[in-house]
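Subject: Structure handover

Hello,

Please find the structure below.

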Amino acid sequence: MKRRIFSGIQPTGKLHIGNYLGAIKNWIDLQDDYDCIWGIVDFHSMTVPYDHEGMSSRVLDCAATYLAAGLDPEKCELMIQSRVKEHTELTWILNTVTPISWLERVPTYKDKSKRFSDNVNMGLMDYPVLMAADIILYKAEAVPVGEDQLPHLELTREIVRRFNSTFGDTFPEPKEIVSEGALVRGLDGQAKMSKSLNNCIYIDETPEDIWKKLSTAVTDPQRVRKTDPGDPKVCNIFSLHQLFSSKEDIGYCEHGCKTAGIGCIECKKILAENIAKELAPIREKKTELLHNVDYIKDVLNSGIKYSKKIASKTIEEVYQKIGTTYPFLK
Ligand code: TRP
């Protein structure tokens, strides 16, 4: 029996290369060795203001991107969180063993409650509990995540310990599998790449748009003229080279930058080409898939069915543990 893992991405917009490198690419590497469930976590994406009319097309786009990037429905399951109702049911139950003080100190809560200060809703605070439910509903042993999600995973383990000690051993404590290349900075060279900060390259971006975006992206801020030598270590373009370029191109750009042999424009052109080369087949596949929505529908329905089977079994066990089976009704 393969060990199970779960992870998810919020359908907040089109997926970008940060999602690709930080999550999906690693998921592809894991799909051979684990029993994988990959979620589109739509209920999480409601915790900050969002466009409800666009939800359906964002979820479809997300599923098409998963498949186009190389997640293989023969090897893994793709599902939509809200379609397996046990996620929210388990969240409620876990809420009752989660002290509010644990949630108040979660970094993403502190950050988002400042950024969206006119809508600090219960869901925003409860976000990590829903995430814990996503994971332990399937008794996942491990969770591939980016580094920014580690506090959430630690909290999941705390919730598991609290639940197990209150009601008896039920859930395993999930481990993290930290994605390499997980911290992709945005084109501003500052914050993590994210749609809301408008600093990303989307997975389905055309070569022209990739170049347009890269051409204004921040490089080594100390390097003002082409004749100044630069420092690749502090250049975000160089860190992207390390994720997309061949050893030869990386060596060429590193040396050229340090010796002022090449300018930032040339360095960016090489990067733009390499990114475009890697993304082109994904973009083409995605367009093809979006012409075949029935196929995507079948993949999701089968993933949802698979997930429901496990989820309902877990909830049944949880009911036993928490005392809500009510034999007198049978
Ligand atoms: N919080 C995760 C993120 O924003 C998304 C997520 C929701 C998730 N549920 C999960 C990740 C369960 C892993 C496992 O990236």
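The notes take the ligand first, then the pockets, then the cavities.

This is a predicted model, in which local features need pLDDT of at least 70 and side-chain atom pairs count only at pLDDT 80 or more, while totals for chains, interfaces and linings use all residues. Residues are numbered from 1 along each chain as its sequence is written, and side-chain values use heavy atoms, with hydrogens and water left out.

The ligand

The shell around the ligand holds 13 residues, and the closest are Gln10, Tyr127, Met131, Asp134 and Gln149. A residue is counted as near if one of its heavy atoms lies within 4 Å of the molecule. By class the shell has seven nonpolar, five polar and one charged residue. Here Ala, Val, Leu, Ile, Met, Phe, Trp, Tyr, Cys and Pro count as nonpolar, Asp, Glu, Lys and Arg as charged, and the others, Gly among them, as polar.

In Tyr127, an N or O atom of the side chain is 2.7 Å from a nitrogen atom of the ligand. For Asp134, the distance from a polar side-chain atom to a ligand nitrogen is 2.7 Å. For Gln149, a side-chain N or O atom is 2.8 Å from a nitrogen of the ligand. On its own the ligand has 370 Å² of accessible area, and the protein covers 89% of this (Shrake-Rupley method, 1.4 Å probe).

Strand S1 (4-9), helix H6 (122-136) and strand S4 (142-145) each give two or more residues to the shell. H6 gives the most, with four. Helices (H or I, at least four residues) and strands (E, at least two) are DSSP runs, numbered from the N terminus.

The pockets

The ligand takes up the space of the largest pocket. For this, more than half of its atoms must lie within 2 Å of the grid points. A pocket is an open set of points, on a 1 Å grid over the protein atoms alone, with protein on both sides within 12 Å along at least five of seven lines; a cavity is a set where a 1.4 Å probe fits but cannot get out, and lining residues have an atom within 4 Å of a point.

The largest pocket has a volume of about 1,300 Å³, a volume being the space filled by probe spheres set on the points. It is lined by 50 residues, and Gln10, Lys112, Asp148, Gln149 and Lys192 lie nearest its centre. The lining divides into 23 nonpolar, 17 polar and ten charged residues.

The second largest pocket has a volume of about 280 Å³. Its lining has 15 residues, with Thr91, Asn95, Met122, Gly123 and Asp126 closest to the centre. H6 gives the most to this lining, with seven residues.

The cavities

There are two cavities of 30 Å³ or more. The largest has a volume of about 70 Å³, and its lining includes Cys235, Cys253, Cys257, Cys264 and Cys267. Helix H10 (247-258) and helix H11 (264-290) each give two or more residues to that lining. The second largest cavity, of about 40 Å³, is lined by Val106, Thr108, Tyr109, Lys112, Leu124, Tyr127 and Pro128.

Regards

Note on methods: A polar contact is a pair of N or O atoms within 3.5 Å; within protein, one must be able to donate a hydrogen and the other to accept it, and residues adjacent in sequence count only if both atoms are side-chain atoms.
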